[in-house]
Structure formats: C-alpha cells, structure tokens
Amino acid sequence: MSTTTDSRTALRICPLCEATCGLTLTIEGTRVTGARGDRADVFSQGFICPKGASFGAVDADPDRLRTPLVRKDGELREATWEEAFDAVAAGLRPVVETYGPHALGVVLGNPNVHTMAGALYPPVLLGALGTRSLFTASTVDQMPKHVSSGLLYGDAHAIPVPDLDRTDHLLLIGANPLESNGSLCTAPDFPGKLRALKARGGTLTVIDPRRTRTAKLADRHVAIRPGTDALLLAAMAYVLFEEKLTDLGELAELVQGLGELSDAVRDFTPEAVAEACDVDAGTIRALARELAAAPTAAVYGRIGSCTVPHGTLASWLVDVLNILTGNLDRAGGALFPQAATDKTPRPAGPGRGFALGRWHSRVSRHPEAKGELPIAALAEEIDTATTEGEPVRALIAIAANPVLSAPDGDRLDKALDSLDFMVSVDPYLNETSRHAHVVLPPPPPSQSPHHDFAFNTLAVRNQVRYTRAAVPLEPGRMAETEILARLVLAATGMHGTEPSAVDAMVIDQTLGKAVKEPHSPVHGRDPRELAAALTGDNGPERRLDMMLRLGPYGDGFGVRPEGLNLDKLLDQPHGIDLGPLQPRLPQPLKTRSGRVELLPQPIADDLPRLRDALRRRPDGLVLVGRRHLRSNNSWMHNIPALTGGTNRCTLHLHPDDAARLGIADGDSVRIKGAGGEVTAPAEVTDGIRRGVVSLPHGWGHDRPGTRMRHAATEPGVNVNQLLDGSLLDPLSGNAVLNGIPVEVAPTGTTP
C-alpha cells in the first residue's frame, strides 16, 4: 500500500466540463488522492468547482472497465486487446464490404471534445470510412449555433464569444453558467466574471423561464415563456431599427443585407410578440434600448435557446443583435477566439460558404447539417427499411450514451439490439454500451495527456496549455489515442498495421498540403524535412507540435523563432497566456461574398414559420430541462460525491400549478409526453414560472445489464423518454427538448 512518503503533485487540465480549469493533483503512488485549483494556471488562476475537486473519485471509480469486453454466446466477457480488435475488424468490415460505408453508423458523444484522442482520431475515422451516417451529441445541444454561424460567416466553427472581462452589459438567454460553468464560451470561474461585471458597474440581464442561480445574480430577470426566444430577440431587432438605434460602427463595410433584415423583422413588433412570449412590450423595448445604450455589450445564448423549435433563428438573432449594436468583433462585445492549434490564418477574402442539406437521412429525409444527421433519427435509421439505401447495420459509438441523451430511448434501446455489430469506446457498461459486441475502455483521465483543441477555440482569453499524463498507464491498460488509432485501422481494412501509422499518415498529409499553400509559413519546403523536425514522445504529441508550429502563434518550423512549438509549451507547465481576444474580421469570414451575410436565404425561408408562432399559445404545461453544477449530462451520476443534495432528479413546478393539480412537495407525479411517461418526485418551488415544469437531463440509470452501481441506487428518470423524436428545428436537425407540452398528475390519477 502507498504511504504518504510517496506523495507528490502533478498538474492536470480538468476534462470534466467546458471551463477547462487547471488542477494540482495530489498523488500517492499511482492514486490521485486530492485535487485543488492551480493558482499559477494562466487561464483559471486557481478556480475549481465540485466536479474538479472530485477528480480523484472520478478517476478511481471502481465501476470503470479495466479490460475490453467481447460478446461471446450472448454475454459480454473480459478479453485481451488483441481479441477485442480482431473481433472489431471481423464485425465491421463485412458490413462495409457488403452494404457500403453508409451502413456503418458513427455516434460521437459529448466526452469526445474533452479528450485529446477524441479530437485527433474521429475525424480520421470518418474521412477514411466515407460514411454519411454520422450522429453526434451536437444535435441535442448546440447545432443551431453551428448552423447560424455557418450561414452568417461561412464557417460553422466561427462562433463569437462574449468578452466577459471587458463588457459593460451582458444579456444571457437560455444560459445558466453558474450551474453549467459555461458552454460554447470557455471561461473558468464564470460566476466570478459575472460578479466582476457587476462590481465594475456593468449590467447583467438574464432571460430564462426559471429563476436560476444566474438569474438571481442578474440586475434584470425576464421569465420568458419557453420556446419563444426567437420571437423576443426578433422584436428587440425590430426596436433597434424602428427607433434608429442601430450603429454598426466599423462593421458597416463588412456586412451585407441590412435593409433586407429590417424588412424581415417588420412583423415582430414588441406588441405582436408580447402575448406569445408572455413578456410585456415595454420590457422588450427596454431590453433593446439598454443593449444599444451600453458602452459595450454582448448577447450570449445557450442550450435553452438552442433546443427549441426555432433554435437556429434564435442563435442567428443573438449574433444579429451584436452586429446591429456594433458589438460584434470589438473589445467588450463578442469576439472570435484564436486558438494556438487553429489552422494557419488565410488571407481575408471570399470563401466556399456554408451549405445545408447536401444529403438527407433515409427515412424522414432530414437534411444533413455540418456533415451530421439528427441523432433523434438514429433509431429509425436502424430499425426502418426503405427503398432509399441501406439501414444502419453496424455502429461505432465513441463516448456516447444516446439511449439517455437522445429522444425516445426505449425505441433506440430496441434498435441497438437489432444491429449486426456494435463497438463502443466507453469506460462504463452503461445504457448504450451494454448493447455492444465489443467494448473498448479508455484509461482514467489521470493516465492520459490533455490539450483542449475544441474549447480553446471558444475561450474568453487566448491561451494554450498542455499537461502530460499525471500517472503512468496502468499495466493492462491501453492509451485512448492507441485505442482510437487501432479502431481506425480495424474499421478501414488495415487491421494489424502499427497504430503509429495513423499519426504518420496525418502528419504526411497535413505537411504535404501546407507546403503547397502560398499563405503557409512552410510554403515550398520539403515535408519530409519538416516531419523530421517534429518533437514529442509519441504520435499524438508530434501532431500537437505540428499544429502549434503551423498555427497563428507558431514558429513556422523556424521561420518565427519566437513562436510556439511543443518544447516551449512543455517548458511552461501552467500554460502560456496569449492575451485578450482581439478583433479579427474580416479574416474569419468564409462566405462566398467575403462579408457577414446578415440575412442568408435559409434563414429568410424559415422566418414564415416564426411568424406562425405569433399565433400559438400552449394551453397546458410545458417542460424545460435544467443543469446541475455537480453533473455533466449522464457522466457523473456514478460518483457518490457528485450526487445527492440539490443534485436530484425531481420535477420542479410552481406552487400555483401544484395547488391546481393537487400536488404537494415530495409527491410522486407522472409526467406524460408524446414519447411516453415517467414518474418522479415533485419539488414545488417559486423558482420556476407558472405553466412550466422542469426535469434535469441525463438520468434514468435503471436499465438491466449496466455496471454503474451507485447510479443505479438513485437512477432518476430519463426526461428524453417524454419525446418521440419528431420535434426538430428544421434548419439544424436539433432535437426540441425545451418548451414541449406535457401532462402532469399525481401518480394516483391518469395524466
């Protein structure tokens, strides 16, 4: 047994939410026994939340799988890594060779963006397979923001973030960062930044049907009717035009479609939308005037405004308001981050633009968005035969649990059982991976290196950090990078090839392309010479070194000696601060016009649907989700330290609604939606507006065949089972999770 004499510390970037805080781990032998905030971290400066503080418990969860599982005679049994990858190759290749690449589906879950491996290898897998059957957590989350950014700026990844440290006025809609720690806005200590905003005399406005912890901090809280976010934002845009409050400032020469936009929002007067939003016209006008009058301001919308029937329109209007007030791409407004591993910035000018619907799903003909099909359509793409192509017959699920995260998990549960073959990369035997023929478990986070490829592109301050594994890889474990590299080889007919070949291929392809690009710092050079110059202990580190060198702050392989490379980053274990966000337009624009296209045609075509919403009023209760500070979707419910207390799966409802329905606090109630019904304890609270009820997301750990013992003791219920998967935002394919009609009654009666 390890003793305290073995105790040491190691740095690690926390992978448990989007805040990406720096941690100092206490390690005894090979066991993480404590975690505290790294005060010297250039980004988080010592901030830590309950999830980060529980890093050791997450890392050492006894239910984490330690060896691969392979299904034999109907049962999952422990196997060697060689047996597991032999089974993967034998199971996947016949499906692809017989039915074509689209018969092999790929599902990517949210945790992929929290690991280096999840960023580096799935793109290689998808590129090599050529399948169009891609489903990810984006379509139950942020896809509307990707689509609106693609249409406005020509790049689905060009997402501006609020300049939290310098803004004078912040308007949040559908966001609760005091619980979520921020999303599509990477900001350690988001709560502290909001308090600092108020301390310097700034204004915080929160639009949310619930009086969340964030709303309680606000100067103004507007309890909007769920699902009407786009109507309210459109009315604010109308006021800016009507009262001549628009001022694009330096954006004026970079924007097209201003007049057309003014005409497009003409029907959305505050008086016209007031009843639908249940927000009086005077308040809507005040919101617009306050936004326009602020010295600097930023509008920020998140999941509550994305997972609604008009999610793409709401996401578009968030940026429209920033543009109309001159706050896009300026200090104190909303700016485009510049990550150290971004591609070499190309000269400003017209690009290829962004297209939707390049292909469609087989069954319901949903258009693709950003190369993805709606995850709500996964079950029907497996269990429904049509004359249009082959159904999904095999599936690769990487860090994904769609049985809980996607609508109508019961149907998907049955559909997964019908697959010819399924492989799951997951540390747990959970509600989805229990269906797999092979389960490949990655090691715990302490045994993996970490760099945030995705979240640094959304960070509120430019910086770069990298931490190597805090403890050695445990005997019998396989690095997640090697697992995914071997999966690429097994799925693409190269089983048995050394996994290092995947990294070598990517390096050769990337450098071969870079030397041909006139704007590249390595234009005209020998790619073999460049590859030989890369440093790092392994393929993933060499790829990181390559991306740093080619990136916007890089040394260009010696062209800029003061620039970044892996060695310099390793010399700065607390990270390198690259400074506050800076205006970057027009360089990020990839639209065909080379300008911000304010009213793209798909948006214009969807506005009549928003006008129709002016006349719609829900007669009964509607449901919204909610987040817990000590939870991240379905990941954390097996950790005792992160469950209990306020982190409970209860139905929130207003006292007036409870009295009308004959429900008392703590009563068992049934909630019925289009996809089914669930039973949960009632929690009566005036923290939610009348006519609205709320269940948290990610629960429902009561299915047989899982190995998550603590989660099963208090399983909660799966809120997504109330959905039948038919309600989608048509532009993005995002599932509608908020503002859906439900019936609620005590368990002794029928809803």
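At what angle do H12 and H13 pack, and how far apart are their axes? The legends below take that up after a word on the model.

This is a predicted model, where local features need pLDDT of at least 70, side-chain atom pairs count only at pLDDT 80 or more, and totals for chains, interfaces and linings use all residues. Residues are numbered from 1 along each chain as its sequence is written, and side-chain values use heavy atoms, leaving out hydrogens and water.

**View 1. H12 meets H13.** The angle is about 115°, and the axes lie 8 Å apart (axes are lines fitted to C-alpha atoms, for helices over the stretch in contact, with angles from 0 to 180 degrees between N-to-C directions). Helices here are DSSP runs of H or I with at least four residues, strands are E runs of at least two, and both are numbered from the N terminus. H12 and H13 therefore count as roughly perpendicular (65 to 115 degrees; under 35 is roughly parallel, over 145 roughly antiparallel, the rest oblique). On the H12 side you'll find Pro-270, Glu-271, Val-273 and Ala-274, which meet Ala-281, Ile-284 and Arg-285 of H13.

**View 2. H10 alongside H15.** Here the helices pack at about 25°, with axes 9 Å apart, so H10 and H15 are roughly parallel to each other. H10 brings residues including Asp-229, Leu-233 and Phe-241 to the contact, while H15 brings, among others, Ala-314, Leu-317 and Leu-321 (contact means heavy atoms within 4.5 Å).

**View 3. The largest nonpolar core.** This core has 64 residues, and those touching the most other members are Tyr-153, Leu-231, Leu-232, Leu-233, Met-236, Trp-316 and Ile-323. A nonpolar core is a set of buried Ala, Val, Leu, Ile, Met, Phe, Trp, Tyr and Cys residues joined through side-chain atoms within 4.5 Å. Buried means under 20% relative accessible area, exposed over 50%, and partly exposed in between, using a 1.4 Å probe and protein chains only. Elements that each supply at least two residues include H6 (143-153), strand E9 (169-173) and H24 (601-612), but the largest share, 12 residues, comes from H10. Looking beyond neighbours within four places in sequence, Leu-233 is in contact with Ile-173, Ala-314, Leu-317, Val-318 and Leu-321. A second, separate core has 54 residues, including Ala-103, Val-423, Val-488 and Leu-489.

**View 4. His-169 and its surroundings.** His-169 sits in strand E9 and counts as buried, at 3% relative accessibility. Leaving out residues up to four places away in sequence, His-169 touches Leu-197, Thr-203, Thr-205, Glu-290, Leu-291, Ala-294, Thr-296, Ala-297 and Ala-298.
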